[in-house]
Amino acid sequence: MRDAQAINLSWLLRLRWGAVVGQAAIILGAHFGLGMTQRLVPLFATIAVAAASNAALGLWARRERPIRERLLWAVMALDVVLLTVLLDLSGGPFNPFSALYLVHIALAAVVLRAGWTWALTGLAIASFGALFVDHLWFPSEGSEQASAHHHIHDVRMHLEGMWAAFALAAGFIVYFVQRVTRALAAREAELVDARTVAARHEKLTALGTLAAGAAHELSTPLSTIAVAARELERQLTRKGSEAATLEDVQLIRQQVARCRDILTQMTLDAGASQGESMVELAPAALVEEALEGLPGRERVRTELDARTREERELVPAHAFARAIRGVVKNALQASGPGAPVRLGLVREAAGWRLTVEDSGEGMPAEVLARAGEPFFTTKAPGEGMGLGLFLTRAVLEQLGGGLVLRSTPGQGTTVVLTWPAGGLRQSAALPAGTSRVKPGT
C-alpha cells in the first residue's frame, strides 16, 4: 500500500504540470490576445525551470522510497519562488494573479504538518513583500514602474493594505484548514477504533454461540463415551485385566472429563460478563481473588496502592478476576520456573492501571501484532486455547478501559490493564441482562 506522502507527491506532480500549462497559456493570451506586451524570454525561462524540475522530480520519485515531508515542502517552496519571479516580470504586486500564493498555502495546509506549513506561509508573505519593494517602494530607475510611481501615491496605502490582508488571509487559511484536517483525522481514527471494537464484540458473540453449540452437540457423545468407559473399567477390574489396560481406560475417562471442562470454560468465558451481577468491591480484592489458588502464586510480587483497599468499584467481579488471573498465568508461564512476576495496581487521575511484567524472553514484532486475536497462541498444544487476552480485552472494553501489550525480545513482556474509576457507573448504559448488586445481597 502506498504511503500518504507518495500519494501527495503524485498529486503535486500533476498539479505542477497543470500550472506549467496554465501559466504558459495566460502569458501567451495576455501578450498576443490582449495586446499586453510581456517579457516572453525570461517568463518562459522561468516556466521551463518549473517543467524541468517537475520532470526530474517525477523520475526521482519512481526510485526513492519513502518520500520525506521535507521534499514536499522544498517543491512547494520552489513553486512559491518561481511564482514570485513570474509576478516580478509581469507587473509585481499590481498583477492580479498574486492571489495564487493562497493556493500554495492552502495546499500546504492540507498535505504538510503545521511547522512546515507555517514556514511556507512565511516564505509566501516575504516573497509577496519583495514585490512591493521592487515595484512600489524602490522601483528601478527608467522602468515603467518608476514612471508610474508618481501617479499611484493615492493608492499606495490600498496596495500595502492588500499585502496585510494577504498575510491575514494566509494565516486564517492555514489555521482553519489544518484544524479541519486534524478533526477529520481524529474522526477517522475514532471510526476505525469503533469498527475494531464492534468486530471484536462480534467475534466474542460468535465465540459464545460456537461454544454453547459445541457443548450442546458434544454433550451426548461425550456422556456416552464416559458411561461406556466406566462400564469397561468395571468389567476389566472384575476380570483382573492388566494394569496397563486399566490405565488406558482411565485415561479415556480423564480426557472426556477434560473435554467437558474445556467446553464449559469456553462457554463461561465467552459470555463472561453478559448477565453477571455487578458487585462493588475494592480493586485489591479483585487481585486477591484472581491470584487465589493460582499455581506459582508465590512468585507473584504484588505492589498495591493504598487506595486499592479504600475505594470501591462496580465491576463484574468473577469475569474481571478471571481476566486478571489469565494475564498473570500467562506471565508465570512465560517467565519460566522460579522467575518472578511483578503485578502493580495504582490509582490514577483517569482511573485504575494494573501492570503485569514477566521475566520471559519477550515476543517478536510479528507475534506481538497478533497477540489478543482469538485462538492465536504460541503455547504448546494443551496449554492454552489463545482466548485469554481476547476475552480480557472484551471485559475491559465493557468497563470503558483497554489492554496494551509491550514486549521486546529478550526483555520480557508488559501487559497494562486500564479501566475508569467507578467502573460501569461511568458508562451510558449497561449490557443487556446486567444488574447491579451490593456484596452480600
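Okay, one term before we start: a residue is buried under 20% relative accessible area, exposed over 50%, and partly exposed in between, with a 1.4 Å probe and protein chains only. What we're looking at is a predicted model, where local features need pLDDT of at least 70, side-chain atom pairs count only at pLDDT 80 or more, and totals for chains, interfaces and linings use all residues. Numbering runs from 1 along each chain as its sequence is written, and side-chain values use heavy atoms, with hydrogens and water left out.

So, aromatic pairs. Rings of Phe, Tyr and Trp (its six-membered ring) pair if their centres lie within 6.5 Å; planes under 30 degrees apart are stacked, over 60 edge-to-face, and the rest tilted. How many pairs does that rule give? Three aromatic pairs. In one of them, W73 and W116 have ring centres 5.8 Å apart and planes at 45°, so we call that pair tilted. W73 belongs to helix α3 (residues 69-89) and W116 to helix α5 (residues 114-137), 43 residues apart; helices here are DSSP runs of H or I, at least four residues, strands are E runs of at least two, and both are numbered from the N terminus. W73 is partly exposed because its relative accessibility is 22%, and W116, at 30%, is partly exposed too.

Next, F320 and W419. Their pair is edge-to-face, with 4.7 Å centre to centre and 70° between the planes. F320 sits in helix α11 (residues 317-335) and W419 in strand β7 (residues 413-420), so the pair ties together parts 99 residues apart in sequence. Buried or exposed, F320? At 0% relative accessibility, F320 is buried, and W419 is buried at 4%.
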